[in-house]
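Okay, thanks for coming, everyone.

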Amino acid sequence: MSKKLKVGVIGCGGIGEQKHLPAIAKIKEAEVTAFCDIIPERAENLCKKYGADGAKTYTDYKDVIKDGSIDVIHVLTPNISHAPITVAALEAGKHVMCEKPMATTFADAKKMVDAAKKAGKLLTVGYQYRCMPAPLYLNKVCRRGDLGEIYYAKAHAIRRRGVPTWGVFLKEKEQGGGPLIDIGTHALDMTLWMMDNYKPKTVVGSVYKKLNDNPDSGNIWGPWDPKEYTVEDSAFGFITMENGATIALEASWALNTLDNGEGMCTLCGTKAGADMKDGLRINSSDLGKLTVTKPDLEVGGVQFYEGSTEAPKDVECRNWYNAILHGEELRVKPEQAMVVTQILEGVYESARAGKQINF
């Protein structure tokens, strides 16, 4: 293309500065011409660093969407505003990359999917864990059928003390939830992707606020303000799928356990199993003996050249723009992300109601 895609970024916080904008900068067919944030200084700072010639800054996302020259919108705002901004951008004829989680409710997620279909525009969600070496490899193994039928899985997102103390992470009104919707969403998305199973039947959930009142407990980002900490510190769900498969979901920012790790899944199939507890491990049996295989996912191997690999954010971004420009298949389809939101909402609803939720 001789004409570059014009990109507008709505939300100029950490996820934009650290993930999206450095990745877009490597896409030669795109340039960022609009930066929007309710804090003007943040938009202005990123515009100076990443903006194309003549790029503008805004404080109202509606002004960005009205700009007919813009082709693509990246929605990088707090969770509660993902749906209204995305729907408005799609209705204005823009392609939209929305950060995870897709939305805070299934109804809002469905509005986003419907808006994309009606507008004939592409929509994707920022689940970059799918772009990491181990998940990429494991997904190919699953698609090849090496694990057989995956009938039990665990989605892990556990931190011993990793409570984010900046931005609006601790505020339920803006975020719609805590670790479940923040990091649990990655683990659940990856697990469903491995299983290629997007038909949930029931969910039972438990949500806890047990450590919120103890801010001086060794948090890696320093003490939090208990008055500001209005979301859960831990959440757990047990999901059954229409085909009988079950998934255990665990998410926490602060849990008294040494068995921590996030963005991981455990898969149990009829032929083999897999987990990510000590790198990627695939367990099976051969000739009457139990076996464990650990694929080497490092690039190196040559004495004078260690090799190179793209960062997950770059893999994700390249796929997104290749999909727009060249029709490449989206790594994350909105219909898949919608099911993730449906299940997460079910966990919260089950915990509030004290009963099983049937989809």
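Let's start with helix H9, residues 312-326. At 1.5 Å a residue, its 15 residues should span 21 Å, and the end C-alpha atoms sit 20 Å apart, so that agrees. The expected span here is 1.5 Å times one less than the number of residues. Helices (H or I, at least four residues) and strands (E, at least two) are DSSP runs, numbered from the N terminus.

Quick word on the source: this is a predicted model, where local features need pLDDT of at least 70, side-chain atom pairs count only at pLDDT 80 or more, and totals for chains, interfaces and linings use all residues. Residues are numbered from 1 along each chain as its sequence is written, and side-chain values use heavy atoms, with hydrogens and water left out.

Back to H9: 11 of its 15 residues are buried, meaning under 20% relative accessible area with a 1.4 Å probe, protein chains only. Among them are Trp320, Tyr321 and Ile324. The buried residues of H9 pack against several elements, including strand E1 (5-10) and helix H1 (14-24). Just after H9, Gly327 has a positive phi of about 75°.

Now over to Thr266, in strand E11 (residues 261-269). Is Thr266 buried or exposed? Thr266 has 17% relative accessibility, so it counts as buried. Its side chain makes a 2.8 Å polar contact with the side chain of His156. A polar contact is a pair of N or O atoms within 3.5 Å; within protein, one must be able to donate a hydrogen and the other to accept it, and residues adjacent in sequence count only if both atoms are side-chain atoms.

Note on methods. Buried means under 20% relative accessible area, exposed over 50%, partly exposed in between (1.4 Å probe, protein chains only). Contact means heavy atoms within 4.5 Å.
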